[in-house]
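Thanks for coming. I will keep this short, and the model goes up on the screen now.

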Amino acid sequence: MNAPLIRNERFVQIGAPLLVGVLVLLVWQLTVMAFEVPKYLVPSPVDIGQSLVSDFPSLFNALLMTLKVTFLAFAIAVMVGVAASLLFVQSKWIEISLFPYAVLMQVTPVVAIAPLIIIWVDDTTWALTICAVIVAIFPIISNTTLGLRSVDPNLLSMFRMYRTSRWQELMRLRIPSALPYFFGGLRISSGLALIGAVVAEFVAGTGGAQAGLAYMILQSGYNLQIPKMFAALILITLTGILLFALMVWMSDRALRNWHESALKVEH
Amino acid sequence: MTATKIMPLNPAPDPGPDTREPGTIAPRPVLQVSGVDKIYGNGTVALKGADLTVKQGEFVSLLGPSGCGKSTLLRIMAGLGQVTTGNVRWWEQDYGVVGSRGRKLAFVFQNATLMPWARVRKNVRLPLDLEHAGKSEDVEQKIDDALGMVGLKGFDNSFPRELSGGMQMRASIARAMVTEPNLLLMDEPFGALDEMTRNKLNDDVLKLWKEKGWTIVFVTHSVYEAVYLSSRVVVMAARPGRIVDDIAIEEPYPRSPNFRVSTEFAGYCRQVSQALERASAMGEDRDEERQP
């Protein structure tokens, strides 16, 4: 006999939050209808849905622009962040000398330095990308450095006993040990790259052909196209969720055979 | 301050053909620890005046209370720790010569110390990979032999987490075996295992020791394990860590499980236990002397 659907773990994992979402939308729709709230104040979910369909071409172009900056920034943050971590673990001196500057980048609000970057860098896409990199890079550096240092001391002793080169130690021991930490950094950084891209767009106020979703939100606000504003917001949120899900999937693929975080434990 | 010299990597001189009977004790010294002191940066004296010679083919156990420096001494024997004063010689040479990529030394740690991301076969072949041994038939055969000898044939493709504690430790021993070591250093390898698994692995190690003609230095907390396995039990005292007794176990090999229930075994256990009690009392005396 088939088990009831409610006992299916996968069904519950997807179904439960979906049900909550549908209920919230329903209450939202009914409240807006009952109190006849004008759509320029709070649009109903149906209004937002209609805007998503009718404004799809402009929203889609804006999404592509935001995605372009997000992915570019994320890729650069990963490459530069990993390179910096590899440099840090080569010597405690290098780490001591450079790590405070990585922290400096983390604690400096991007909103404060974005105008400067936009003045300095001619190309808007690159200016936005640099802002997003500054926001996204720290978790990669911090987590990967921690991972590269978190090596089983006995395994390290064994490698030292066999007089391995630094390269062997790095490739065979430090990098595999750092993978769980690295993927943890990726999860945080992917979301931050999107946030960085959106914040930079707000500050830059980019228009014309290079308008991203943040610009779309600003413009819609000025024109009181509130449903379109919500539609852009939904696209940003969905992008963030998809990015996070992609990182979780990648982490699961890489660690599922050996790391506690990705193991399926049977009770 | 004198330290164990780590010499530039030279080709290891050939110690010559090994003509002795496997498992027999020959007079040739494999390891000589002379007047070794180990003082850590915070002033802790881990070892004081340690003198120990291990001869080829011996099975020596280091036994003592917690904190007596057994593991520190073993790590120094493996070339993993620097000494403050004194010196350590392997086959009457420096570690820089004999420890060339660990050809003659292997170390088994307290826990299995396997790479969790690598399958058993990859773990076992690690020392060979580190020596760039390649993937020749000879290398693969060595790995197969090692896995077979520890009873892990068929588990090549398992991940360490899929094995029991005892099996993980077997994989660790197989990894030590593939290097064909002349000197095997084991740091409480079976301390975390249940009694039955421990007894089984004790028998397996004894069998391998005899077959392979290894020299073994074995750190343990267990009097019974030390007596069952060893040709010599070296007793250490704590604070500072030092060697206080050296007891020969003159029971012939192979030792069957019947030895564990014999009067001779009980006699040796009593003798070693008394030595251990004296060693513990020495550490406590020192503690009392330090009281204001």
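First, the conventions. This is a predicted model, in which local features need pLDDT of at least 70 and side-chain atom pairs count only at pLDDT 80 or more, while totals for chains, interfaces and linings use all residues. Residues are numbered from 1 along each chain as its sequence is written, with chains lettered from A and ligands numbered from 1 in the order in which they are written.

Helices (H or I, at least four residues) and strands (E, at least two) are DSSP runs, numbered from the N terminus. Two strands pair if DSSP finds at least two bridges between them.

Start with the three-stranded sheet of chain B. It is open, with the order 2-1-4 and antiparallel pairing. Strand 2 (45-55) and strand 4 (85-90) of chain B each have a single partner strand, so one side of each is left without a neighbour in the sheet. Strand 1 (residues 29-39) of chain B is joined to strand 2 of chain B by seven bridges. Across that pair, B:Leu31 stands opposite B:Val54.

The other sheet in chain B is open too, with six strands in the order 5-6-7-3-8-9 and mixed pairing. Its edge strands are strand 5 (105-108) and strand 9 (242-248) of chain B. Strand 5 of chain B runs parallel to strand 6 (residues 183-187) of chain B, and four bridges join them. There, B:Phe107 stands opposite B:Leu185.

Now the cores. A nonpolar core is a set of buried Ala, Val, Leu, Ile, Met, Phe, Trp, Tyr and Cys residues joined through C-beta atoms within 7 Å; buried means that 20 or more other C-beta atoms, placed from the backbone, lie within 10 Å of the residue's own. Which residues touch the most other members of the largest core? They are B:Met77, B:Ala174, B:Leu185 and B:Val272, out of 88 residues. Helix 6 (residues 165-177) of chain B gives the largest share of this core, six residues. A second, separate core has 56 residues, including A:Phe230 and A:Leu243.

Last, chain A. It is divided into domain 1 (1-36) and domain 2 (39-262), with bounds from an automatic or database domain assignment. The C-alpha centres of these two domains lie 31 Å apart. Five residues of domain 1 of chain A are in contact (C-beta atoms, placed from the backbone, within 7 Å) with four residues of domain 2 of chain A.

Definitions and conventions: Buried ≥ 20, exposed ≤ 12 C-beta atoms within 10 Å, placed from the backbone. Contact = placed C-beta atoms within 7 Å.
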